[in-house]
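Here is a short report on a single model.

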Amino acid sequence: MIDNFEEEDMFTDFDVPTRKMLTGNLLMILCCVFYLAWWLLAFKPTAPVKGMKSGWLLIPALLLGVAAVWQIGSGSGAVENQMKLLSGTSVLIGGVVAYIILLAGTSVLLKRQVTTELFLIVGWAVLMFLELNALHGMGPFTKIMTVLLLAEIIIAAIVSLICYLLYYNLDRLKGYVDGMIPLLLIMAMMAVVTIRVIVSGGKI
């Protein structure tokens, strides 16, 4: 259903791989909207909305997130490796290594309780590396633009990791705000990349 909608009604000036990645970006933004709505309700400093009264919001968030990963992954995977700055395999291996190092560093050295947010932050950064790598290979982004956007992704991921590390050391109100920052950063970066592709014209 998503594929049919994507091909017939959205981004018709773009090649199929680019349409998939752009559609994935929009799905990821929607995923974050539902996740943020859940956070705003379930972690309110006063009168939080617990249980399925707020928890149901995680169901569309999960479904949209899985769909976004599929769209971006299949779109970026359709681009030949020789056209990219790095092979997709190299990016994935780098992501696994980064996660293991961060997992050990935050849990063993910094004694931070391990939660799924660490995996989500690293996973999102890897997904964006795959997308930008493919977009460079297909033409919309020059090497300079690709490197600048990758740097922005890294900065967003680092800020999100700082929020991840700080969370359990903050009071309820500051922790409430702290938990929103990574979601807002992800939405912002997905929007920036999407707009940059659209501005480029998409005639690949």
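## Nonpolar core

A nonpolar core is a set of buried Ala, Val, Leu, Ile, Met, Phe, Trp, Tyr and Cys residues joined through side-chain atoms within 4.5 Å. Buried means under 20% relative accessible area, exposed means over 50%, and partly exposed lies in between (1.4 Å probe, protein chains only). The largest such core here has 52 residues. W124 and M190 have the most contacts inside it.

Five helices each supply at least two residues of this core: helix 2 (16-42), helix 4 (58-77), helix 6 (116-138), helix 7 (143-166) and helix 8 (172-200). Helix 6 gives the most, with 13 residues. Helices (H or I, at least four residues) are DSSP runs, numbered from the N terminus; strands (E, at least two) are defined likewise. W124 touches I153, A156, A157, I186, M189 and M190. That list does not count residues up to four places away in sequence. Contact means heavy atoms within 4.5 Å.

## Basis of the values

This is a predicted model, where local features need pLDDT of at least 70 and side-chain atom pairs count only at pLDDT 80 or more, while totals for chains, interfaces and linings use all residues. Residues are numbered from 1 along each chain as its sequence is written, and side-chain values use heavy atoms, with hydrogens and water left out.

The expected span of a helix is 1.5 Å times one less than its number of residues. Helix 6 has 23 residues and should span 33 Å; its end C-alpha atoms are 33 Å apart, which agrees. Of those 23 residues, 17 are buried, so helix 6 is largely enclosed by the rest of the structure. Just after helix 6, G139 takes a positive phi of about 125°.

Helix 8 has 29 residues. From first C-alpha to last it reaches 43 Å, close to the expected 42 Å. D171 caps its N-terminal end: a side-chain oxygen lies 3.2 Å from the backbone nitrogen of L173. That is a polar contact (a pair of N or O atoms within 3.5 Å; within protein, one must be able to donate a hydrogen and the other to accept it, and residues adjacent in sequence count only if both atoms are side-chain atoms). R196 is also found in helix 8. R196 is partly exposed, at 34% relative accessible area. It touches F141 and M145, not counting residues up to four places away in sequence.

## Aromatic rings

Rings of Phe, Tyr and Trp (its six-membered ring) pair if their centres lie within 6.5 Å; planes under 30 degrees apart count as stacked, over 60 as edge-to-face and the rest as tilted. A search of the whole structure finds seven aromatic pairs. The rings of W39 and F43 are stacked, with centres 4.1 Å apart and planes at 20°. W39 is buried at 7%, whereas F43 is partly exposed at 26%.

Y167 and Y168 pair edge-to-face, with centres 5.1 Å apart and planes at 75°. Y167 is partly exposed at 21%, and Y168 is partly exposed at 44%. Y35, W38, W39, F43, Y167 and Y168 form one aromatic cluster.

## Cysteines

How many disulfides does a search of the whole structure find? It finds zero. A disulfide is a pair of cysteine sulfur atoms within 2.5 Å. The sulfur of C31 is 5.1 Å from the closest cysteine sulfur, in C32, which is too far for a bond. C163 is in no disulfide either; its nearest cysteine sulfur, that of C32, is 14 Å away. C31 is buried at 11% relative accessibility, and C163 is buried at 7%.
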